[in-house]
Amino acid sequence: MHHCYAWRLGLDRTNFRVNDDGEPSGTAGKPILNVLLSKDVTNILVVVVRYFGGTLLGVPGLINAYKSATEEALNEAEILEKTVNEVYAVSFEYIRMNEVMKVIKEFDLKIRNQTFDNQCVIEIEFRKTLTNQVTGKLEKIDGILVDYLFTV
């Protein structure tokens, strides 16, 4: 019995490991990893267990068996997409409300918290990849103060 695996972890997608668990080198872990790479998934571990049934598969057969098993498992799995988001506090005078809300609507930003008075504060959350666009647009509005709070 062989427990062959591949895993990928982290946001930068550079952390990975493969293991052939006694199969010929490169015939199990690497084909599993290649499927993970082609599906562009991360923060995942795939273990394929193969019982020897008496038939020798040969190198191409082993590669195909581990690749196919991984593809079938991922096709049946529920893959969740998670994003790295940032939260910012936007401070402004009430008179600038329409301009701020226009930017929030334009980028479909999530409002986490809001306080409206003469001086207003809105906490917004958005994908980290939009940071320069959103903060740049908000900072162009006269009298706006944009402060980074944290990453989620």
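Student: Glu-99: buried, exposed or in between?
Tutor: Glu-99 is partly exposed, with a relative accessible area of 33%. Buried means under 20%, exposed over 50%, partly exposed in between (1.4 Å probe, protein chains only). The model is predicted: local features need pLDDT of at least 70, side-chain atom pairs 80 or more, while totals for chains, interfaces and linings use all residues. Numbering starts from 1 along each chain, and side-chain values use heavy atoms, without hydrogens or water.

Student: What does Arg-96 form with Glu-99?
Tutor: A salt bridge, with the closest N and O atoms 3.3 Å apart. The term means a side-chain nitrogen of Lys or Arg within 4 Å of a carboxyl oxygen of Asp or Glu.

Student: And how exposed is Arg-96?
Tutor: Arg-96 has 26% relative accessibility, which counts as partly exposed.

Student: Which residue is linked with Arg-96 and Glu-99 in a network?
Tutor: Asp-142 is linked with them in a network of salt bridges. The side chains of Asp-142 and Arg-96 meet at 3.8 Å, N to O. That pair links distant parts of the chain, 46 residues apart. Asp-142 sits in the loop between helix H4 (131–139) and S7. Arg-96 sits in the loop between S4 and helix H3 (97–106). Helices (H or I, at least four residues) and strands (E, at least two) are DSSP runs, numbered from the N terminus.

Student: Is Asp-142 buried or exposed?
Tutor: Asp-142 is exposed, at 56% relative accessible area.

Student: How many salt bridges are there in the whole structure?
Tutor: Seven. One of them joins the side chains of Glu-81 and Arg-127, at 2.9 Å, N to O.

Student: Which parts does that pair tie together?
Tutor: Glu-81 lies in the loop between helix H2 (58–76) and S4, and Arg-127 in strand S6, so the pair ties together parts 46 residues apart in sequence.

Student: How accessible are Glu-81 and Arg-127?
Tutor: Glu-81 is exposed, with 65% relative accessible area. Arg-127 is partly exposed, at 38%.

Student: Switching to strands. How much of S4 is buried?
Tutor: S4 covers residues 85–93, and eight of its nine residues are buried.

Student: Which strand do nine bridges join to S4?
Tutor: Strand S6 (residues 119–127), which runs antiparallel to S4. Strands pair if DSSP finds at least two bridges between them. In S6, Val-121 is the bridge partner of Ser-91.

Student: What about S7?
Tutor: Six bridges join S4 to S7 (residues 145–151), and these strands also run antiparallel.

Student: Which residue in S7 stands opposite Tyr-88?
Tutor: Tyr-148 does.
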